[in-house]
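Colleague: I would like to go through this model feature by feature. Please give the general idea each time, then the case here.

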Amino acid sequence: MQADIFAKKQRNTLVFLVLLGSVTFLAMIMTDYNAVKGITSVPKAVQWGLANFYPTAESLEKLPAILEKLQETLLVSIAATTVAAVFALLFAILGSNTTRVNAFFGAITRGIAAVFRNIDVAAWALILLFSFGQSSLTGYFALFFGSFGFLTRAFTETIDEVSGGSVEALKATGAGYFSIIFQSVIPSCISPLISWILFMIETNIRSATLIGLLTGSGIGFTFNLYYKSLNYDIASLVVVVIIAAILCIEYVSNYVRRVIL
Amino acid sequence: MALLEVNQLTKQFGKHSKALSDVNFSVQEGEFVTIIGPSGAGKSTLLRCINRMIDATGGEIRFQDKSVLNLKKKELKQVRTKIGMIFQHYNLVNRLSVIENTLHGKLGTKSTMAGVLGLYSQEEKQQAVRILNVLGLKEMIYKRADQLSGGQKQRVGIARALIQNPRMLLCDEPIASLDPNSAKVIMDHLKKISTTMGITVIVNLHQVDVAIKYSDRIIGINSGQVVYNGPAENMTPEDIQRIYGSEADELIFDIGGIHAG
């Protein structure tokens, strides 16, 4: 009997591997993919990158323009995140099991947040392109909707986890709903909430670069522009600037986290 | 006349699981009553039905001759301001100071605005300091709640309940998470509150020996029913067996020794 279970498991594994192999093979035939050529071209790509993709002295002339675009991207990301956080907090309080007004409203707010969360930022950008065209406003709203969904979820869980006990205690003293929110829920959650907001700002700065490619704004667009016009040196300078900015932001937010926790 | 009367109280969770069935007892002004029983017997449910943190399914609860189960929201809050509650896990707001946590006991009597902004009068603050002094927390007043030991946290919990000027304290397993020394300090404070301030105290306990030592009266509960209700000194090993079931024989405590002491 036991041997049967093992034999069955082995057979299942074998079937799975064969299936996976044949799907891969089929896909390779359909797309004319040559595995050997694919692997051998990696060193060539690295070689090309090292030969062409580095900032030169003359590309530094473009630095002020690049920094200006970077600033725009950073500000859009921060603005989108902070405004989203305000809305997310409201929805999280209404949707969390500890603080919801009633089950019906709780389910509705959680549902709305789930819709916003499950649509990716890039998908939001594509949807919003129709309404707002290629502008930073499109990028702003895409980041805003994505952050709103994610932060609502994160805040809801934080509230449930951190403040259940003290909410019960204040309810037992006869305190009203708003007193409980402002004296118990917000004080006990504030530092994890700030931590989530910082995380979201970091994530949004990274996404903003990609969103910029789609919406034709910010640093992503700058990169695209120089890359497509074969100015590889300037494009690589953009990449260096982005990496530096991300590292800076990471450092700052880690510092803030250390201080508040 | 009794301060609290519980008549034919029942509580049902879902369709089949009955947490409490036909519970009757009354508690006099200034009495120290302990509720004992095995885990899952319904002790916590019973305690929470009294101030309607959980809504009972049927029966009647009269506190100060008001029927608690029929109260409207506003009247319920008013009744809750007269009943202090103490929890096993203290249920403090960890990031706030000891005095802020103590003053939370006053939120039930405040307007929404004052509650939201946390506006407390000079007298209320002085009362908080006085209570904290009595409980031996003089040095801790400005410390954050998460810097305290378990016993100190529970004393803050008692302070938060006392500042309500309550007529009755409901204590849900107040010493279950404490070491024997801190547990004794907490029980001594509760006893003193009952004898010197005339506040009625109802305590849920796991420890039979503690219950016998401190209570005027013991209520024994098994599977949601009252199986013993009488003075602590009248309790016999048979009563304990009825409360805890047949395994009580093998329990480690020695009831004779406790009576002798």
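Modeller: The C-alpha centres of domain 1 and domain 2 of chain A lie 37 Å apart. The bounds, from an automatic or database domain assignment, are 2-52 for domain 1 and 58-260 for domain 2 of chain A. This is a predicted model, in which local features need pLDDT of at least 70, side-chain atom pairs count only at pLDDT 80 or more, and totals for chains, interfaces and linings use all residues. Residues are numbered from 1 along each chain as its sequence is written, with chains lettered from A and ligands numbered from 1 in the order in which they are written.

Colleague: Which residues of chain A does the UniProt annotation "transmembrane region" cover?

Modeller: UniProt positions are in the numbering used here, feature names are shortened, and annotations may be inferred rather than shown by experiment. The unreviewed entry gives 12-31, 74-94, 177-201, 207-227 and 234-253 of chain A. Helices (H or I, at least four residues) and strands (E, at least two) are DSSP runs, numbered from the N terminus. Residues 74-94 of chain A are 100% helix, with end C-alpha atoms 30 Å apart; residues 234-253 of chain A are also 100% helix, with ends 29 Å apart. The unreviewed entry also places "domain: ABC transmembrane type-1" at residues 70-253 of chain A, a span that is 89% helix and 0% strand.

Colleague: How is the packing of two helices described?

Modeller: By the angle between their axes and the distance between the axes. Axes are lines fitted to C-alpha atoms, for helices over the stretch in contact, and angles run from 0 to 180 degrees between N-to-C directions. Helix H3 (residues 63-95) and helix H4 (residues 103-118) of chain A pack at about 140 degrees, with axes 8 Å apart. H3(A) is therefore oblique to H4(A) (under 35 degrees is roughly parallel, over 145 roughly antiparallel, 65 to 115 roughly perpendicular, the rest oblique). Residues in contact have C-beta atoms, placed from the backbone, within 7 Å; among them are Phe91(A) and Leu94(A) of H3(A), and Phe105(A) and Gly106(A) of H4(A).

Colleague: What is the strand order of the open sheet in chain B?

Modeller: Two strands pair if DSSP finds at least two bridges between them. The order is E6-E7-E8-E3-E9-E10 (chain B), with mixed pairing. Strands E6 (83-86) and E10 (225-231) of chain B are the edges, each pairing on one side only. The twist averages 15 degrees from one strand to the next. Strands E7 (residues 168-172) and E8 (residues 200-205) of chain B run parallel, joined by 5 bridges, and Met168(B) stands opposite Thr200(B) in E8(B).

Technical notes. Contact = placed C-beta atoms within 7 Å.
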